[in-house]
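Subject: Structure handover

Hello,

Here is the structure I promised to pass on. Please open it and keep it beside you while you read.

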Amino acid sequence: MKPHRRKKLGIIIFITVGLSLAIGLTVFALRQNINMFYTPTQVADGEVLVGEHFRIGGMVKQGSLEEDQQSLKVKFITTDFVSDVPVQYEGILPDLFREGQGLVAEGVIDSTGIFQASRVLAKHDENYMSQEVKAALDAAGSSTEDHTAVVRESLTRNLPEN
Amino acid sequence: MWLWFSKLGSPKWFYELSGRWLPWLIAAMTIFITVGVIWGLLYLPPDYQQGYTSRILIVHVAVAGTSLAFFPLMAVAGVITMVWRMKLADMVAKMAAPIGAWFSFLTLATGSIWGSISWGTWWEWTDARLVTMLFQLFLLLGVISLRSALEDQDKAAKACALLSIVGLINVVVIKYSVEWWNVLHQVASPVSLSADSPNGPQFWIAIAIMIVAMYLFLSVSLILATRNEILQRERRSQWVQDLVRQS
């Protein structure tokens with residue numbers, strides 16, 4: 001390679017490495033700030049203050065959903081399989097909201113420790129299957145367990161290790 | 001090797017070679033898009049939870065995957081332009097930006113439509129995947145406007161190459177955003193070879209066909225655009241004038 005080309009290539013590599021480092025460090029520093037939600041364990045550990053507006057992410061605990069027949073009020077428990085946080089919400093729930101599914105709720109914790117949600121979003125996991133496959137898995141009795149494991153994995157992936 | 005490299009850089013040689021390849025590429029693209037769209041949108045079994053909404057993802061995943069190819073391509077072309085002064089690489093980089101912007105826009109649009117149904121929201125500013133993808137669209141729009149704002153072609157090429165390197169790093173952030181942070185967006189689905197487990201062949205083969213279709217579409221549009229740019233920039237050369245006289 002000719003010397004002037006080598007010099008130019010060197011400059012480009014230097015710029016690339018420098019930019020990567022700068023962006024990498026920024027991203028690393030913002031690690032916690034960029035997280036979209038707190039997990040129930042983080043809430044239980046007191047990382048959020050009473051009355052502070054934040055988002056909580058977890059799974060809707062099996063058998064915990066109570067729907068009011070007269071209104072759009074719902075109560076359920078969100079869990080990351082370590083800690084539970086009860087949630088109250090009034091409004092329309094997204095299509096994918098159901099027990100055993102991930103969710104992200106926005107709101108505040110009241111003095112009784114109940115999360116008063118002003119907005120509820122459903123979180124979809126990375127598994128897609130047809131009704132037939134789901135039915136076959138249910139028949140084999142392995143589906144719910146596997147599914148729980150997947151959700152647990154996705155919830156605890158970004159937790160700081162204690 | 002070096003002879004081949006400098007030959008590749010010759011716009012005339014590229015124009016002739018791509019002219020021979022285009023019919024085949026267009027034929028392959030038509031087949032893949034037709035099969036992919038008909039299968040993916042009409043016959044793909046609906047997801048057990050999302051129902052027919054899941055078919056949006058066939059388009060979304062293919063378009064999104066392809067949109068991540070633009071900045072690596074533009075960065076490599078930019079480096080080749082700056083180090084080896086290859087005119088062709090600069091033309092490719094220039095023509096790739098608007099196509100990439102459309103792909104990024106379609107990714108955001110299809111994702112928003114799906115999200116509004118499944119998540120219950122069109123847009124979340126706090127989701128790192130969504131925001132970094134929007135950043136990619138803005139970067140591409142930035143590259144396009146930088147190109148038209150700078151009169152000096154050499155300076156424009158340099159500035160765009162630099163922006164492309166930023167875009168390249170952003171592609172890495174987009175890719176891993178779902179793993180580095182807690183976000184609403186799901187992580188990449190693992191491919192499963194067994195037909196009776198989640199993410200089985202019935203899903204990923206349909207998606208794979210659409211991804212190949214989108215890459216073919218990208219190649220065809222990029223080649224067509226680059227051919228136009230070649231004629232434009234080389235309009236004073238003998239071979240282009242001969243070409244025009246013939247037609």
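In which loop of chain A is A:Ser83 found? The answer is the loop between strand S3 (73-79) and strand S4 (84-90) of chain A. Before going on, note that this is a predicted model.

Stay with A:Ser83 for a moment. Is A:Ser83 buried, exposed or partly exposed? A residue is buried with 20 or more other C-beta atoms within 10 Å of its own, and exposed with 12 or fewer. A:Ser83 has 15 C-beta neighbours inside 10 Å, so A:Ser83 counts as partly exposed. Now look at its contacts. Leaving aside neighbours within four places in sequence, A:Ser83 is in contact with A:Pro40, A:Thr41 and A:Ala44. Take A:Ala44 as one of these. A:Ser83 and A:Ala44 are 39 residues apart in sequence, yet their C-alpha atoms are 6.8 Å apart in space.

Next, the strands of chain A. Strand S1 (residues 54-60) runs antiparallel to strand S5 (residues 102-109), and 6 bridges join them. Across this pairing, A:Met59 stands opposite A:Gly102 in S5(A). S5(A) also pairs with strand S6 (residues 115-123) of chain A. That pairing is antiparallel too, with 8 bridges. Here A:Ile109 has A:Phe115 in S6(A) as its bridge partner. S5(A) and S6(A) form a hairpin, with 5 residues between the two strands. In the turn, A:Gly113 has a positive phi of about 85 degrees.

Now turn to chain B and find H5(B). It has 32 residues. At 1.5 Å a residue, H5(B) should span 46 Å; the end C-alpha atoms are 47 Å apart, which agrees. Where does H5(B) bend? The bend is at B:Ala97, by about 30 degrees. A proline, B:Pro98, follows within four residues. Just after H5(B) comes B:Gly120, with a positive phi of about 95 degrees.

Last, see how the chains meet. In total, 40 residues of chain B are in contact with 37 residues of chain A. On the chain B side, the elements that give two or more residues are helix H4 (70-84), helix H5 (87-118), helix H7 (153-180) and helix H8 (201-233). H7(B) gives the most, with 6 residues. What kinds of residue make up the side of chain B that touches chain A? That side divides into 22 nonpolar, 14 polar and 4 charged residues.

Best wishes

Technical notes. Residues are numbered from 1 along each chain as its sequence is written. Chains are lettered from A and ligands numbered from 1 in the order in which they are written. This is a predicted model: local features need pLDDT of at least 70, side-chain atom pairs count only at pLDDT 80 or more; totals for chains, interfaces and linings use all residues. Two residues are in contact if their C-beta atoms, placed from the backbone, lie within 7 Å. Ala, Val, Leu, Ile, Met, Phe, Trp, Tyr, Cys and Pro count as nonpolar, Asp, Glu, Lys and Arg as charged, and the others, Gly among them, as polar. The expected span of a helix is 1.5 Å times one less than its number of residues. The bend at a residue is the angle between axes fitted to the seven residues ending there and the seven starting there. Two strands pair if DSSP finds at least two bridges between them.
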